[in-house]
Structures are given as structure tokens and as C-alpha cells.
Amino acid sequence: MKPREVLAMCREKEVKAVDLRFTDFLGAWQHFTIPVGKLEEDTFEDGLGFDGSSIRGWQAINESDMLLVPVPETAVVDPFATIPTLVLVCNVQDPITREDYSRDPRNVARKAVNYLKGTGIADTCFIGPEAEFFVFDDVRFDQNAHEGYFHVDSVEAEWNRGREELPNLGYKLRHKEGYFPCPPSDQLMDIRNEMMLTMIQCGIDVEAQHHEVATAGQCEIDMRFQELVRMADQMCLYKYIVRNVARRHGKTVTFMPKPIYGDNGSGMHTHISLWKEGHPLFAGSGYAGLSEMALHAMGGILRHAPALLAITNPTTNSYKRLVPGYEAPVNLAYSQRNRSASCRIPMYSASPKTKRIEFRCPDPTCNPYLAFSAILLAAIDGIQNKINPGPPLDRDIYDLPPEELAKVPKAPGSLDEALGALEHDHEFLLRGDVFTEDVIATWIRFKREKEIQPMRLRPHPYEFCLYYDA
């Protein structure tokens with residue numbers, strides 16, 4: 001879509017306002033709105049100014065002026081705005097040099113794709129994320145000097161079997177039994193359908209929606225794979241739609257990996273494949289129908305996985321999901337069909353076009369632009385250096401004898417550990433100037449100062465259970 005076509009779309013849809021959106025350093029959508037009359041063809045070249053110092057992890061106050069440059073092909077009519085509003089995703093530029101901003105996540109993703117093309121390995125990276133989330137009916141939480149707590153609730157939750165609901169109809173999902181019961185046990189089917197149809201209305205190709213394993217409203221909606229930058233754009237739109245449809249029904253959504261103790265957490269299993277001139281490159285005659293290139297790509301992902309997790313699993317809560325016993329991939333191994341491995345080769349189809357690698361560690365709190373780019377760069381490093389992923393592990397890893405399990409590399413056990421791995425292993429991310437030393441150092445510093453240190457300083461409610469009478 002060209003700028004003039006966007007303006008024509010505004011006239012056709014009787015658009016009154018234009019919402020300009022971009023993704024901050026951590027992955028949250030930010031926006032401001034202009035009257036539709038202020039959107040001109042020149043706007044797509046000249047951009048619009050904003051204060052970059054007010055965005056997390058970005059500019060200092062003395063260099064705060066930044067530009068948002070709308071990307072015409074991202075235009076979509078907002079399905080939730082009261083007045084007709086057009087949404088445009090933007091790139092971020094320096095207003096003086098007009099260079100793309102190095103800390104703009106979308107710029108990182110664009111550079112990752114350009115680097116892939118420059119290597120000659122492939123011209124397209126397809127990404128297919130499977131983002132899970134919880135739909136709750138009520139949430140309360142706080143942390144201050146004298147108290148700290150959280151409370152989440154769902155009409156589906158097992159803990160509400162005895163609640164007086166006038167009437168309580170009894171259809172509650174037992175822990176780990178949310179996959180795939182029909183209504184009335186699944187009480188969110190209509191809401192998920194509305195989410196799905198809203199996504200389709202906004203141009204997202206949806207493959208399926210379903211309840212997930214956990215009690216208390218865990219859900220998943222799967223999008224068909226897309227080119228890397230487009231999929232990162234869609235992942236932001238996906239979250240926006242899911243949250244706002246839920247809000248329309250008086251419910252709330254969280255993408256936190258582990259909001260409930262004792263049940264499955266929410267991951268974002270991420271499928272990746274490389275193509276060149278319209279031909280898939282990951283299909284071959286090797287293990288599980290993979291090509292040598294695909295095996296080397298998987299070798300790169302597994303070798304760099306501890307560092308990758310600092311970006312693909314970027315919260316302290318992420319590592320409460322990555323524990324044994326809840327289908328979480330804590331062991332850095334690969335296998336066909338086996339969901340207990342961190343890298344899985346799906347075997348649903350024999351078609352070369354469907355051959356891909358599924359990296360099961362990521363979760364949906366990640367910044368999709370940075371996460372997808374980091375996974376791609378790890379795969380490229382594996383291909384360029386012919387990294388052998390080792391033998392597959394076609395057994396239930398959770399049932400391995402202790403002496404065998406000890407030989408399987410493990411995912412980091414905390415965000416701090418993952419950040420330490422990233423500090424020591426990030427040269428592969430610097431190739432092609434995709435990530436920069438500044439981006440990586442800022443990421444590590446922000447996570448330690450704003451997340452890890454505040455968590456260390458605050459007493460945890462369960463510590464009172466353990467130590468109050470010590």
C-alpha cells in the first residue's frame with residue numbers, strides 16, 4: 001500500500017482520526033493520535049515529532065526529540081475506537097541525521113532480515129508464534145512497604161467449585177485439564193471466536209483458537225506464519241485485540257508466563273523456517289525430514305539458547321514457567337514430535353513447505369521484534385559455522401534417569417542467569433549491526449536495575465509462610 005492509497009482508504013472508511021503506534025524497548029505498543037486532516041503524503045516521508053526521553057530505555061532528556069515515520073502497508077482500521085480511526089505502525093528516526101534509531105525494535109527486526117539476505121543463505125525468514133494467555137474475571141495486586149499480594153480469579157477455576165454463585169453450575173476445569181473440553185466447561189469459546197474474527201477483520205490470518213491446558217481461562221489463538229517483520233507487527237496487534245475484546249466483556253487478559261501457582265504457564269512456541277526464491281530450505285533427508293541447513297540452524301539456537309532467553313524470556317516471572325513438570329522446555333535438546341524438548345520438529349505433514357523448527361522456550365512477554373531477530377541470528381550463526389546439534393533425544397526427558405538427565409544442558413534458572421549468559425555470548429547478535437553493543441548493554445542494565453533489583457529488595461508473601469516464626 002502506498003501513501004496515496006492510505007489517504008484513499010481514509011476517505012472510503014470515513015476515518016476521522018489517525019493513531020500512530022510504535023513499540024517501546026520492552027515490547028509494549030505506544031501511541032498518539034492526530035486528526036485525519038493532518039495526515040498527508042509528505043507525512044510518510046517527513047514523519048511527526050515526539051519525546052523519546054519519556055519512553056522506557058530510550059533517549060536522554062538532552063536528546064529527546066525523535067521522529068515517527070508511518071509505514072503505509074501497516075494501515076488498519078481500529079476495531080475498538082468509538083470514532084473511525086486508522087492505525088499506522090511507525091519506524092523511529094533521529095530528526096537531525098534521519099537515521100533509523102538503533103534502539104527501535106522494529107529497526108532491529110528490519111536489519112535482521114536485511115542481514116539474512118546479505119549472507120546469501122536465504123531471502124525470507126518465516127515466523128509462526130503460538131502465544132498463550134489467561135483470561136481472568138478479576139485481578140487485584142499491590143506491593144508497598146507493609147503488604148504485598150496478588151489475587152486472580154476466573155469463573156472456570158477449580159478453586160471456585162465451592163463458591164456460592166447463585167447458582168454455581170459446577171463446570172470448573174481441574175488443574176491441567178483445560179485442553180480441549182467443550183462448553184459448558186470451556187466458558188470462553190464465544191470470546192475467543194470474537195477475538196479470532198476481529199483479528200481476521202484486521203488482516204491477520206488465523207489458523208485456530210482453543211482453550212489451553214491450565215484451569216482459570218488459559219487460551220491460545222494461532223496465526224499462520226508470516227515474514228519476520230510483518231509477524232512482529234501482527235504480534236503487537238494480536239495482543240491489542242485480545243486485551244480489548246476481553247475488556248469489552250468485562251474480563252482482563254494477562255500474557256504473564258506464570259500467573260497461577262501449580263498449573264501450566266503461558267509460552268509462545270515459535271516456529272522458524274528459511275526460504276529462498278520461493279523454495280523452502282529446511283526440508284531434506286536428514287533427521288525428521290530436515291535438511292543439513294536446518295540441523296545446523298537448530299544447533300545455533302541450542303548453543304546460544306542461554307543468551308537467547310534473556311531476550312525471548314525477559315521477565316523474572318518467565319523462569320517460574322521454565323520448571324520441570326508443566327510441559328515447559330527446561331532441557332536444551334531437540335526431538336521430533338517430543339514436546340519435552342526445547343526444540344521440536346513438528347511432524348503433522350510431509351510437505352517440504354511445512355518443514356520448520358519449533359523453539360519452545362519463548363514466552364509472550366518478549367518484545368517480538370527483538371525475540372524473532374535474536375532467534376534468526378542464532379540460526380544463521382549455526383548455519384555459517386555448521387554447528388552440530390548433537391544426537392536427538394526421542395524420549396520423555398522428564399523421565400530420564402538422573403545420571404542421563406545430568407548430561408542434558410539446562411536453560412537458565414533465572415533472568416539474572418540469562419542476562420549473564422547474554423553478557424558473555426552476544427557476538428552473534430552484532431553481525432550486520434543488527435543488535436548493537438549499546439542495545440545489548442541498555443537491555444541488560446534496564447532489566448537488572450528496573451526488574452531484578454526491585455524484586456530482590458521486596459519481601460515475598462511466601463517468605464512469611466516460611467520464616468515468620470523462625
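This tour visits a charged surface patch and then a strand with its pairing partners. The model is predicted.

**Stop 1: the surface patch.** Select Glu40, Glu41, Asp42, Glu45 and Asp46, which gather on the surface in a patch of negative charge. Is Asp46 buried or partly exposed? Asp46 is partly exposed, because its relative accessible area is 45%, a value between the limits of 20% and 50%.

**Stop 2: strand E7.** Now select residues 124-136, which form strand E7. Of its 13 residues, 13 are buried, so the strand is largely enclosed by the rest of the structure. In a regular strand the side chains alternate between the two faces of the sheet. Both faces of E7 are covered. Colour Thr124, Phe126, Gly128, Glu130, Glu132, Phe134 and Phe136 for one side, then Cys125, Ile127, Pro129, Ala131, Phe133 and Val135 for the other.

**Stop 3: the partners of E7.** Which strands pair with E7? Select each one in turn:

- Strand E14, residues 268-276, is antiparallel to E7 and pairs with it over eight bridges; here Ile127 stands opposite Ile272.
- Strand E12, residues 226-227, runs antiparallel to E7 and is joined to it by two bridges; Glu227 is the bridge partner of Phe126.
- Strand E11, residues 218-223, is also antiparallel to E7, with three bridges; Glu132 stands opposite Glu220.
- Strand E13, residues 252-254, pairs with E7 in the antiparallel sense over three bridges; Val135 stands opposite Val253.

Methods:
Residues are numbered from 1 along each chain as its sequence is written. This is a predicted model: local features need pLDDT of at least 70, side-chain atom pairs count only at pLDDT 80 or more; totals for chains, interfaces and linings use all residues. Side-chain values use heavy atoms; hydrogens and water are left out. Patches are made of residues with over 30% relative accessible area and no salt bridge: like charges are joined within 9 Å, nonpolar side chains (Val, Leu, Ile, Met, Phe, Trp, Tyr) within 5 Å. Accessible areas come from the Shrake-Rupley method with a 1.4 Å probe; for residues, only the protein chains shown count as cover. A salt bridge is a side-chain nitrogen of Lys or Arg within 4 Å of a carboxyl oxygen of Asp or Glu. Lys and Arg count as positive and Asp and Glu as negative; His and the chain ends are not counted. The place of a charge is taken as NZ of Lys, CZ of Arg, CG of Asp or CD of Glu. Buried means under 20% relative accessible area, exposed over 50%, partly exposed in between (1.4 Å probe, protein chains only). Helices (H or I, at least four residues) and strands (E, at least two) are DSSP runs, numbered from the N terminus. Two strands pair if DSSP finds at least two bridges between them.
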